[in-house]
Amino acid sequence: MSVGIVMLVHTALGRAEQVARHWTAAGCPVVIHVDSKVPKAAYETFRDALEIDPMIRFSRRYRCEWGSWALVQASQDASEMMLAAHPDVRHVYLASGSCLPLRPVEELIAYLAERPRTDFIESATTADVPWTVGGLDEERFTMRFPFSWRRQRYLFDRFVELQRAVGYRRRIPTGIVPHMGSQWWCLTRQTLTAILQDPKRQKYDAYFRSVWIPDESYFQTLARLYSTNIESRSLTLSKFDFQGKPHIFYDDHLQLLRRSDCFVARKIWPHAERIYDAFLTDAARQKNRMEPNPGKIDRIFARAVDRRTRGRAGLYMQSRYPNMGWENGVTAGKYSVFQGFAELFQGFEPWLAKATGAQVHGHLFAPERAEFAGGQRILNGALSDCAALRDYDPRAFLTNLIWNTRGERQCFQFGPADNTKINWQISRDPNAQFSVISGAWAVPLFKSNRDFADLRQEAAALQKIEAKMLDELRSPDAKARIRIWTMAEFIEAPMEPLQLIIDEIGQRPSRRLTEAPRLEDLTGFGQFLQNLKNHGMHPYLMGDFPVDPAPRHGQRPQRKPYLVKK
């Protein structure tokens, strides 16, 4: 008894010749189908090189396009030639020119000899197939597909839409239940002969000729009619990515292929010299009685798919960007944003750096430039402080900054006078710690010596911007750690919220704060807000600031005791 190999070849003829000789050297007859798209001269050279081997034959050529009926015809003709020319063949193994035996062929022959009545073909009903990509499961058996999915995609899609619109459904031949599975099978002589010699074959062929991707359903369906023992799995290791495209094995997959214990693998890159040398030479012909177990490497492919679709946290790539919600983490690490603190406290940035050990920046999204810590003009990863470059894509600026400085906590100031396009991005980032003292933007206006009409106009604009920012921070979609205080409630007891913020940053061992940064002198601030009200503007984000009472004759003005030490 021997195993017959049917090879479907369309490219890399040199490698196909090498593999065909490897099969016949172990006593396996080979029938080769060469795609008619291969130039005649190349085909004749390939055929002349192999026809000197009496165990190699060539079947009728068809023009095989992906997912076309011609692939089934090629498999049928080559299988018929194999069965007629080699009556001792008990199993027929369908392979491609890019398939490569991973174990000694003698082991495959012995494995199949121990299972003389078993057909190895992946065969599952459409309801149970999780791997179809393209939106056509049951419909591939009930519609017609006269147009090429690759060459005539527009016509293909429009014709599918038309059939759906009119409710067209083809009748499935009586007696068969459509099944799907891998194209690469290994069938017994009895099952394959029954399929090819079935009196209803002409009827079945006519039906499957109009099925989409029939090479993954023709034999998979008909084998269920005749097989007495189906192992619904392929003996060929073939992996696909999340888009339904086959993984290609390169030289650095050598050890991975060895661990699989599979008999055959596809698709091997034609220039993978180390892989071909390892598996087609005597050095690799070590006895291995292990059961084929592609599951051993499934977790590696699962991690590869996960890395491609989700990527590393905070690192964007072509397969996900700019799809909203596809990122695996908005940023690569935790960071803190402070709104209103630098305006309310003197020397807040150096104080925060000393208290936390974090890298504390100024207003990274200020209109003039990104205020990097220490006045730097270029930060890690050649990140420039140029406002034009930053504002071209504020999201990329922030994610790059966090990615380039991962391992070190970043803190920066923010406010309504900055470029606020990034506010929504920060609010939905679980890595962000966002602390806001609303209305603190009024302190620099209060301390300035500008014309009051200009101050009123700017105050109205800043309040409107901050109100919108706060709405975004309070959105149900916000995922950042957000705390918002009005300016009035914060300055009543600043130590408690500051302690809370420092503890959350957690760069250094937690300790009680004994000193807070010095508050700006707010004497007369309540009157400033009242003046804004008197001029028609309603400042409400600061909270309730009473107007300082006018001093009696002979008394000094009373200052509000804003606590700065504890």
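How many helices and strands are there in the protein chain? And please look closely at Glu80: with which side chain does Glu80 meet in a salt bridge?

Author: Welcome! This is a predicted model, in which local features need pLDDT of at least 70 and side-chain atom pairs count only at pLDDT 80 or more, while totals for chains, interfaces and linings use all residues. Residues are numbered from 1 along each chain as its sequence is written, and side-chain values use heavy atoms, leaving out hydrogens and water.

To begin with your count, the protein chain has 22 helices and 21 strands. These are DSSP runs numbered from the N terminus: helices are H or I with at least four residues, strands are E with at least two.

Now to Glu80. Its side chain meets that of Arg201 in a salt bridge, at 2.7 Å from N to O. The term stands for a side-chain nitrogen of Lys or Arg within 4 Å of a carboxyl oxygen of Asp or Glu. In general, side chains of opposite charge can pair when their charged atoms come close. Glu80 belongs to helix α3 (residues 70-85) and Arg201 to helix α8 (residues 201-208), so this pair ties together parts that are 121 residues apart in sequence.

Arg390 and Asp391 pair through their side chains at 2.8 Å, N to O. Of these, Arg390 is buried with a relative accessible area of 1%, while Asp391 is partly exposed with 29%. Another pair is Arg450 and Glu458, at 2.6 Å, N to O. Arg450 is partly exposed at 39%, and Glu458 is partly exposed at 27%. Salt bridges that share partners also join Arg47, Asp48 and Glu51 into one network.

Lys37, Arg63, Arg150 and Lys245 gather in a patch of positive charge on the surface. Patches are made of residues with over 30% relative accessible area and no salt bridge, with like charges joined within 9 Å and nonpolar side chains (Val, Leu, Ile, Met, Phe, Trp, Tyr) within 5 Å. Lys and Arg count as positive, Asp and Glu as negative, and His and the chain ends are not counted. The place of a charge is NZ of Lys, CZ of Arg, CG of Asp or CD of Glu. Within this group, Lys37 is found in the loop between β2 (30-34) and α2 (40-50), and Lys37 is partly exposed at 43% relative accessibility.

A nonpolar patch on the surface is formed by Leu162, Val166 and Tyr168, which together have about 280 Å² of accessible area. Such areas come from the Shrake-Rupley method with a 1.4 Å probe, and for residues only the protein chains shown count as cover. Val166 lies in helix α6 (residues 153-166) and is exposed at 61% relative accessibility.

For the whole picture, 51% of the 566 residues of the protein chain count as buried.

Key
Buried means under 20% relative accessible area, exposed over 50%, partly exposed in between (1.4 Å probe, protein chains only).
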